[in-house]
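Try each task before reading its solution.

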Amino acid sequence: MSTTIELGVHGERIAAAYLTREGLRVLDRNWRCRDGELDIVAREGSALVFCEVKTRRGTGFGHPVEAVTPTKQRRLRTLAQRWLAAHDEHAPDLRFDVVGVLVRPSRPALVTHLRAAFQ
């Protein structure tokens with residue numbers, strides 16, 4: 001993985017596989033609109049889950065999940081509204097999760113899943 005983009009794509013693949021193993025059904029990946037991009041949209045039971053994925057090679061700048069700042073949270077809420085307006089998906093519960101992927105050389109990636117990380 002030579003670039004940040006490749007690292008991000010790799011992390012999102014790991015996160016999608018992890019979420020699927022955990023029983024979530026991935027509905028959309030890398031959905032874009034004029035306001036930005038949603039990494040993963042999934043369904044878990046009655047909840048529609050908007051999932052932000054952060055991937056890092058190390059913790060020198062903090063754990064990957066710490067990168068979801070209040071500004072990023074506001075943007076994700078806006079993107080979720082845009083996604084809902086563009087799709088015929090309905091759910092009584094909406095949830096925002098964060099998946100941190102720590103890619104480690106010669107070892108499996110370490111995945112941290114924060115359910116309902118913010119509202």
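**Exercise 1.** In this predicted model, find which residues of the largest nonpolar core touch the most other members.

*Solution.* 
- Step 1. The largest nonpolar core has 16 residues.
- Step 2. Within that core, Ala15, Leu19, Ile40, Val53, Val99 and Val101 touch the most other members.
- Step 3. Now place the core on the fold. At least two of its residues come from each of helix H1 (4–21), strand E2 (36–44), E3 and strand E4 (93–102).
- Step 4. H1 gives the largest share, six residues.

**Exercise 2.** List the contacts of Ala15, leaving aside its neighbours within four places in sequence.

*Solution.* 
- Step 1. A second, separate core holds 14 residues, including Trp31, Leu38, Phe50 and Val68.

**Exercise 3.** Classify the ring pair of Phe50 and Trp83: is it stacked or edge-to-face?

*Solution.* 
- Step 1. The structure contains three aromatic pairs.
- Step 2. In the pair of Phe50 and Trp83, the ring centres lie 5.9 Å apart and the planes meet at 80°.
- Step 3. Pairing needs centres within 6.5 Å, and planes over 60 degrees apart count as edge-to-face. The Phe50 and Trp83 pair is therefore edge-to-face.
- Step 4. Phe50 sits in strand E3 (residues 47–56) and Trp83 in helix H2 (residues 70–86).
- Step 5. Ring pairs join Phe50, Trp83, Phe96 and Phe118 into a cluster.

Definitions and conventions:
Residues are numbered from 1 along each chain as its sequence is written. This is a predicted model: local features need pLDDT of at least 70, side-chain atom pairs count only at pLDDT 80 or more; totals for chains, interfaces and linings use all residues. Side-chain values use heavy atoms; hydrogens and water are left out. Rings of Phe, Tyr and Trp (its six-membered ring) pair if their centres lie within 6.5 Å; planes under 30 degrees apart count as stacked, over 60 as edge-to-face and the rest as tilted. Helices (H or I, at least four residues) and strands (E, at least two) are DSSP runs, numbered from the N terminus. A nonpolar core is a set of buried Ala, Val, Leu, Ile, Met, Phe, Trp, Tyr and Cys residues joined through side-chain atoms within 4.5 Å. Buried means under 20% relative accessible area, exposed over 50%, partly exposed in between (1.4 Å probe, protein chains only). Contact means heavy atoms within 4.5 Å.
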